Amino acid sequence: MRARLPDHEGFVERAGVRTFFEVHGTGATTLLLLPCWSIVHSRVWKAQVPFLARHYRVLTFDGRGNGRSDRPSGAAAYRADEYVDDAIAVLDATGTGSAVLVGFSFGGHLAALIAAHHPERVTSAMLIAPAAPFGPGTGPDGQRAFLEPLPVNDGWAKYNRHYWQHDYRGFLEYFFAQAFCEPHSTKQIEDGIAWACETDAATLTDTVLGRFLSGPADEELYRTVRCPTLVVHGDRDAIVPHARGQRVAEAIGAPLVTLEGSGHIPVARQPVVVNRLIRDFADRTTGRLAAPRILRRGLGRARRVLYLSSPIGLGHGRRDLAIARRLRELRPELAIDWLAQHPVTVLLEQAGERVHPASALLASESRHIEGEAG
């Protein structure tokens, strides 16, 4: 079940490799959410798309090597410039002249490459935990550790092509536990492992080797980025050190937003924070300004309750109405808004309750159950 289905989806073929893309929303501003490392596919953006598509036209695509995109063999097929050309092909296929780019990890590096090589296609770029090939944590030692057999297989020794051949899942479990260092990340870790299992060790090995074959992309190239840029990085990132994000921001001359207590994938672990950062950045760099608001001090506002009521069954709806009536007896000035779905909304409206307009934005929790029952 998805919170939002695409308005349009399709494939674009380039040099014999098909790339799957989706289009969400119809806003005047287009956001291109770039693929990261092909250990996952575009569903990694699932917490961004429903919110952003209410305000913008949002494009996503599966990076080659995972999802519904092709999995060409050989390291040369996974050089960084291939991903860049795939992104341009998606822009062309969707009739997009230019877009606000948002990428994290390897996708952050791709955003910088596209902005440097195709500036006419980029309105602005947000780089989240960018895996730039320079700065702390890079260099030949890392390449040797990946390529050569190692005497141990503990910790980051699992990031090794030979280890992957006999315990691919063991690497995935370790990697995503490091990527999601925040407490209570079980669901995000499970998602990451499941998406990574949609590709295989051989393909993932090619993606790493492809980076080794990629052309030079040092600080000098990053300094050529001229579009408005923002770098966002968690200070507990165990995959790409925060210091590398600082180095990237300095090279581009861009501001750096540090997410305290955040790991490598804040798009999944801190989606509300990231969504607001993306919205504010996109609005600021495209001239799309939100309507001015009048903010009242907390003590001067009326008491309000947002009551969430599940749509599965009606018995609890009557119970919730009884609770709401009792609350009003205790606090006569209380205003109650309901966040609910059909059929509970019918019950609430018949009782004279106010259903919050945001209820219309919720994905149906009961439609698939009704469909199966039917």
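This is a short tour of one predicted chain, stop by stop.

**Before you start**

Residues are numbered from 1 along each chain as its sequence is written.

**Stop 1: the whole chain**

Show the chain as a cartoon. There are 14 helices and 11 strands. Both are DSSP runs numbered from the N terminus: helices are H or I with at least four residues, strands are E with at least two. Along the principal axes, the C-alpha atoms fill a box of roughly 70 × 45 × 40 Å.

Switch to a surface. The chain exposes about 18100 Å², and carbon and sulfur atoms supply 52% of it. The area comes from the Shrake-Rupley method with a 1.4 Å probe. Of the 374 residues, 49% are buried. Buried means under 20% relative accessible area, exposed means over 50%, and partly exposed lies in between (1.4 Å probe, protein chains only).

Contacts come next (heavy atoms within 4.5 Å). Among those with a separation of 6 or more, 72% join residues 24 or more positions apart.

**Stop 2: the sheet of strands 9, 10 and 11**

Select 304-308, strand 9, then 335-339, strand 10, then 354-355, strand 11. They form an open sheet of 3 strands in the order 9-10-11, with parallel pairing. Strands 9 and 11 are the edges, each pairing on one side only. Two strands pair if DSSP finds at least two bridges between them. Strands 9 and 10 run parallel and are joined by 5 bridges. Pick Tyr307: Trp338 in strand 10 stands opposite.

**Stop 3**

Move on to His342 and Pro343. A cis peptide bond joins them, with omega about 10°. Pro343 lies in the loop between strand 10 and helix 13 (344-350). Most peptide bonds are trans, and most residues other than glycine have a negative phi.

**Stop 4: two positive phi values**

Select Ala129. Its phi is positive, near 45°. Ala129 sits in the loop between strand 6 (122-128) and helix 4. Ala129 counts as buried because its relative accessibility is 1%.

Now select His184, in the loop between helix 5 and helix 6. His184 also has a positive phi, about 60°. With a relative accessible area of 74%, His184 is exposed.

**Stop 5: Leu150**

Go to the loop between helix 4 (140-147) and helix 5 (161-179), where Leu150 is placed. Leu150 is partly exposed, at 35% relative accessible area. Not counting residues up to four places away in sequence, Leu150 touches Ala145, Ala157 and Asn160. Draw a distance to His162, 12 residues apart along the chain: the C-alpha atoms are separated by 8.3 Å.

**Stop 6: helix 6**

Finish with residues 186-196, helix 6. Which residues of helix 6 are buried? They are Gln188, Asp191, Gly192, Ile193, Trp195 and Ala196. Helix 5 and helix 10 (266-269) are among what covers them.

Key. Predicted model: local features only at pLDDT ≥ 70, side-chain atom pairs only at ≥ 80, totals over all residues. Heavy atoms only, no water.
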